[in-house]
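This report walks a new reader through one protein model, beginning with a single helix and widening to the whole chain. Please keep the sequence and the structure in view while reading.

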Amino acid sequence: MSILDDRYRGAPTPSRNRPHGNLTALRVAVLLVFGLLTARLVSMQLVDGATYAKRSRENHIVSTNILPPRGLILGRDGTPLVQNIGVYTASVTPELLPKSQADRHKIYLRLEELVGVPSLEVQSRVQQAEDDGRPDLPIPVQKYLSKEQALMLDEATTGMPGVALTVTPGRNYIGSDAFSHIIGYIGAQTPREYAQLKGEGYQLNEPVGKSGIEGRYESELRGSAGVSQVEQDAQGQLLDVLKTRDPAPGNSLRLAIDPGLQEFVAELLDNSMGEAKIAAAVVLSPRTGEVYALVSLPSYDANIFAQPDQRSSEYNALANDPRKPFLDRALTAEAPGSTFKLITAAAALQEGTITPATGRTVNSTVLEFKGENGVIYPLYDWRAHGFLNLRSAIAWSSNIYFYMASCGIPNEGIKGLGKDFEDSAWKLGAYARAFGLGQPTGIDLDGEMAGVVPSPDQKRKAFAGSQFNENDRDWFYADTCFMGIGQGDVSATPLQIARVTAAVANGGKLLTPRLVKDVTSPDGKILKSMKSESKQVPISAENLAVIRDGMHESVGYGAGLRAQTAGIDIAGKTGTAEFGPVKSDGKRDQHAWFTGFAPFNSPDVVVTVYFDLGVGGDKAAPTASKIFDYFFKNVKP
């Protein structure tokens with residue numbers, strides 16, 4: 001017999017033996033309970049209804065978004081370049097304040113004691129917010145409280161309904177002014193930014209990256225906000241915790257920048273200024289495109305943006321500085337001078353209009369040619385070089401040789417790159433663009449200039465509708481000549497010239513420069529490693545080798561001699577670009593450039609240096625020499 005099928009059953013109980021009295025007692029008890037509940041309900045709704053309604057109104061559900069700590073920004077060696085700090089703010093939410101004006105005034109007076117803002121000013125801000133229909137939004141009363149002020153306010157808020165201490169993520173930029181253009185800064189959202197970002201879950205009080213790496217990698221650095229939802233009574237006392245979610249920190253970034261090198265280059269440029277007012281330098285890997293250093297002078301302290309109210313005078317001084325310290329000079333286009341001759345040489349070799357053996361004797365610093373109007377015009381060189389072939393022309397940076405290579409010498413029946421000087425300009429422009437000029441490099445920073453690769457069309461557009469003579473719109477023979485030596489309307493950034501140099505050094509691979517090396521999770525795991533994109537320039541390996549030889553000879557015995565560094569085999573190219581009006585001595589101001597790579601046979605690094613005033617071989621070359629020396633002694637490629 002199964003115990004599941006034949007369970008034990010007792011004998012049936014006669015009806016007359018069941019406990020009727022107990023059931024009656026139960027019925028009475030149920031009626032009494034329901035009677036009490038009904039009475040209590042009547043009391044709550046009719047007798048005490050007003051009291052509970054008031055209590056309901058005075059108890060508030062307060063939701064607070066907990067902003068996440070931003071990810072860190074580190075040097076290639078793991079050195080932190082930023083610190084996370086809390087920015088303490090005293091705020092007032094009008095709809096959470098007491099209704100009584102007298103009670104409100106007591107709160108305003110207490111705020112004045114704690115944070116120093118006059119009570120009448122607080123009252124005015126609250127009134128303005130209510131008039132504007134924004135009583136539910138917190139009003140910042142005093143920002144950038146000290147820790148002592150924040151602690152006192154935090155303790156006092158329990159008796160100050162509507163007043164809160166808010167903490168938002170802030171930054172302390174500890175990497176010195178040398179890093180400001182790279183790292184950028186964070187700041188408060190503008191109304192326009194908030195309108196765009198609120199759909200992505202941003203809070204109004206959440207800071208955002210404004211420039212540099214902070215701005216470019218905002219989505220990686222930000223993290224995600226947490227939330228705290230609590231119930232408070234009219235006195236601000238905590239009644240219940242309803243919901244919490246911890247914030248998730250942002251990802252960190254490890255840069256390719258070497259902090260020691262960055263600091264060294266910035267100090268070196270500053271000490272080498274002389275008459276110059278502006279300088280820039282780029283140190284770049286020709287193998288990977290990683291940027292080891294990117295320096296722009298003058299610079300600024302990014303921490304002024306952490307306290308804009310307190311440091312407004314510093315900001316105004318920087319904003320009005322004619323040297324424009326907020327502008328990143330490594331990404332700003334200027335006339336590249338003779339560094340452009342690397343492109344002219346490549347174009348002429350590839351087009352077959354010259355060979356490595358093509359020679360010219362330069363016995364004068366002036367080359368005269370007869371224009372279409374019959375007038376004799378002079379083209380100048382910086383010295384009488386004697387006999388030159390292509391390699392020695394690069395080494396000594398001969399202008400006349402590169403006039404021959406670009407625009408030709410019609411008086412002697414020598415053509416340039418094309419069938420005429422205008423066609424030559426188009427061809428030279430095509431090669432310049434193939435080397436990345438006239439367009440941003442694609443570095444992971446915003447704000448880089450594209451520069452200018454001139455052409456007949458570009459000139460006509462540039463002068464259209466201007467006050468210039470109609471003839472100024474035409475493209476002349478001299479325009480192609482000046483373009484061939486990196487003057488006239490040609491402009492390029494130090495980063496672009498470093499990229500051109502890297503392509504010559506590595507056999508023709510045009511790399512996209514990269515500042516960020518790795519993205520890491522808050523627990524230190526590498527989420528992704530950033531790789532540089534590249535494309536091949538249309539120059540044969542043999543022709544690039546000839547150009548490298550010329551650069552090697554430049555540092556060995558030519559115009560770049562002062563870039564020599566003991567124990568390091570360097571190849572390079574100087575540049576001296578005239579600009580501005582002719583001065584009383586008949587001369588014009590000059591930009592100083594040097595760009596080079598080392599070691600010659602197996603390049604690990606490219607160095608490009610720019611000063612707004614000076615001569616390339618005398619000023620930029622010896623500065624580059626010191627950078628090469630530091631790099632190979634202190635930086636691991």
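## A helix and its surroundings

The expected span is 1.5 Å times one less than the number of residues in the helix, while helices (H or I, at least four residues) and strands (E, at least two) are DSSP runs, numbered from the N terminus. This is a predicted model, in which local features need pLDDT of at least 70 and side-chain atom pairs count only at pLDDT 80 or more, whereas totals for chains, interfaces and linings use all residues. Residues are numbered from 1 along each chain as its sequence is written, and side-chain values use heavy atoms, with hydrogens and water left out.

Just after the helix, Gly436 takes a positive phi of about 95°. Within α15, the buried residues are Asp423, Ser424, Ala425, Leu428, Gly429, Tyr431, Ala432 and Ala434; buried means under 20% relative accessible area, exposed over 50%, and partly exposed in between, with a 1.4 Å probe and protein chains only. These buried residues of α15 pack against α12 (341-351), α14 (399-406), α16 (456-463), α17 (477-484) and β19 (509-511).

## Aromatic rings

How many aromatic pairs does a search of the whole structure find? The search finds 16, where rings of Phe, Tyr and Trp (its six-membered ring) pair if their centres lie within 6.5 Å, and planes under 30 degrees apart count as stacked, over 60 as edge-to-face and the rest as tilted. Two of these pairs are set out here.

| Pair | Centre to centre | Angle between planes | Arrangement |
|---|---|---|---|
| Tyr300 and Phe305 | 6.1 Å | 85° | edge-to-face |
| Phe421 and Tyr477 | 6.2 Å | 80° | edge-to-face |

The pair of Phe421 in helix α15 and Tyr477 in helix α17 links distant parts of the chain, 56 residues apart. Phe421 is partly exposed, with a relative accessible area of 21%, whereas Tyr477, at 8%, counts as buried. Tyr300 is buried at 5% relative accessible area, and Phe305 counts as buried at 17%. Ring pairs also link Tyr300 and Phe305 with Tyr185, Tyr315 and Phe326 into a cluster.

## Cores and the whole chain

In soluble globular proteins, nonpolar side chains tend to be buried together. Here the largest nonpolar core has 129 residues, and those with the most contacts inside it are Ile213 and Leu261; such a core is a set of buried Ala, Val, Leu, Ile, Met, Phe, Trp, Tyr and Cys residues joined through side-chain atoms within 4.5 Å. Helix α18 (residues 494-505) gives the most to this core, with eight residues. A second, separate core of 19 residues includes Val92, Val117, Ala129 and Val141.

Leaving aside neighbours within four places in sequence, Leu261 is in contact with Val283, Tyr292, Ala293, Ile627, Tyr630, Phe631 and Val635, contact meaning heavy atoms within 4.5 Å.

Taken as a whole, the protein has 20 helices and 25 strands, and 47% of its 637 residues count as buried. Among contacts between residues at least 6 apart in sequence, 69% join residues at least 24 apart.
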